[in-house]
Amino acid sequence: MQRSLIQFAAESTTKGGVFGALGIDWKTLVLQIVAFIILVWLLGKYVYPWLIRSVDARQAAIEAAAQAARTAQANAEETEKKIAGLLHAAQSEARDIIATAKLEASEALADADDKARARGDQIIADAQDQIARDIAIAKQALHDDTLSLVMLATEKVLGKAVTKDIDNKVITESLKEVR
Amino acid sequence: MAIRLSRRKVAQYFVKAILAGKQTSQLLHELAAYLLDTKRTKELELITRDIEYVFSHHGVVVADIVTASELTSALRQAISKLVRDRLDAKTVELRARVEPTVLGGIKLDVAGLRLDDTLSHRLTTLRAQHKI
């Protein structure tokens, strides 16, 4: 076996020099190099810039998205803070409103109580005045009735007591007074 | 249609005619006719008073008297004298009326002199004074 390999190597070296010894065809190699250079040039001219632009655009988009996400997060945090502040303010305002409402309700209750008490006092005073007026009217009526009865009785008595002689004397006195 | 005269002028005409000796009944007829013609019959009482007033200026007065009983002749004379003295009248005619409701005393009503000294008036005054 070892002998066969050594014989094959020796045969190849003797046919094409170093390249031949290495098994390389220099024409094919040059052609491949040129093709490779053309490929590199084509890639550098048309493909790589497009790829780089796409990558850059993609990266920019990613960065913009990341920036937007950060901004959105910052906005969200700020909004959250604002909401918290508003909530706190609303709670504080609600507490104030409740406290004010309680105070006003208490004052209204006290005011209503005062008014009711004053109204009650007024009603009592009016009733007392009315009673006093009624008593005065009753007294007046009693006085007038008594006076009428006294006058009626006097007239009755005078009607019987005044005789013609007495009447003549009364008339005479009246005439004297006129003179 | 008759001319519309004032009550005073009618009264003056009436008194002058009577004092001139014209018949009273005829004058009364004329007055009644005049009042009917001028549709002033409602003024009869006022004209009567005006006639009495005009008479009083001629020394003839009519005194309205209200008493509870008939006046004696002495009282009549006293009243006539009083009216004559007070009003300087020549003739006094008494027009007396009896009203038991006045109870006693006298009510005298004559032009220029008015007196109400009846017992009923005194009682009314007393009652008014004692009213609260």
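How are H1(B) and H2(B) oriented to each other? The two are roughly antiparallel, a label given to angles over 145 degrees, just as angles under 35 degrees count as roughly parallel. Before going further, a word on the model, which is predicted: local features need pLDDT of at least 70 and side-chain atom pairs pLDDT 80 or more, while totals for chains, interfaces and linings use all residues. Residues are numbered from 1 along each chain as its sequence is written, chains are lettered from A in the order in which they are written, and side-chain values use heavy atoms, without hydrogens and water.

Within chain B, the axes of helix H1 (residues 7–19) and helix H2 (residues 24–37) cross at roughly 165° and come within 10 Å. Axes here are lines fitted to C-alpha atoms over the stretch in contact, with angles from 0 to 180 degrees between N-to-C directions; helices are DSSP runs (H or I, at least four residues) and strands likewise (E, at least two). The crossing of H1(B) and H2(B) is right-handed, meaning that the near helix is turned clockwise from the far one by less than a right angle, anticlockwise being left-handed. Contributors to the contact (heavy atoms within 4.5 Å) include Tyr13(B) and Phe14(B) of H1(B) and Leu27(B) and Leu31(B) of H2(B). By class, the contact residues are nine nonpolar, one polar and one charged (Ala, Val, Leu, Ile, Met, Phe, Trp, Tyr, Cys and Pro are nonpolar, Asp, Glu, Lys and Arg charged, the others, Gly among them, polar).

Turning to the interface, 22 residues from chain A and 27 residues from chain B take part in the contact. About 2,100 Å² is buried between the chains, 67% of it from carbon and sulfur atoms; this is the accessible area (1.4 Å probe) lost on putting the two parts together, summed over both. On the chain A side, Met151(A), Leu175(A) and Val178(A) lose the most area to chain B, together 25% of what that side buries.

Among the residues in contact are Ile171(A) and Leu175(A) of H3(A) and Ile79(B) and Leu82(B) of H4(B).

One joins Asp64(B) and Arg95(B) at 2.6 Å, N to O. Asp64(B) lies in strand E1 (residues 60–67) and Arg95(B) in strand E2 (residues 91–98) of chain B, so the pair ties together parts 31 residues apart in sequence.

Methods:
Parallel < 35°, antiparallel > 145°, perpendicular 65-115°, else oblique. Salt bridge = Lys/Arg side-chain N within 4 Å of Asp/Glu carboxyl O.
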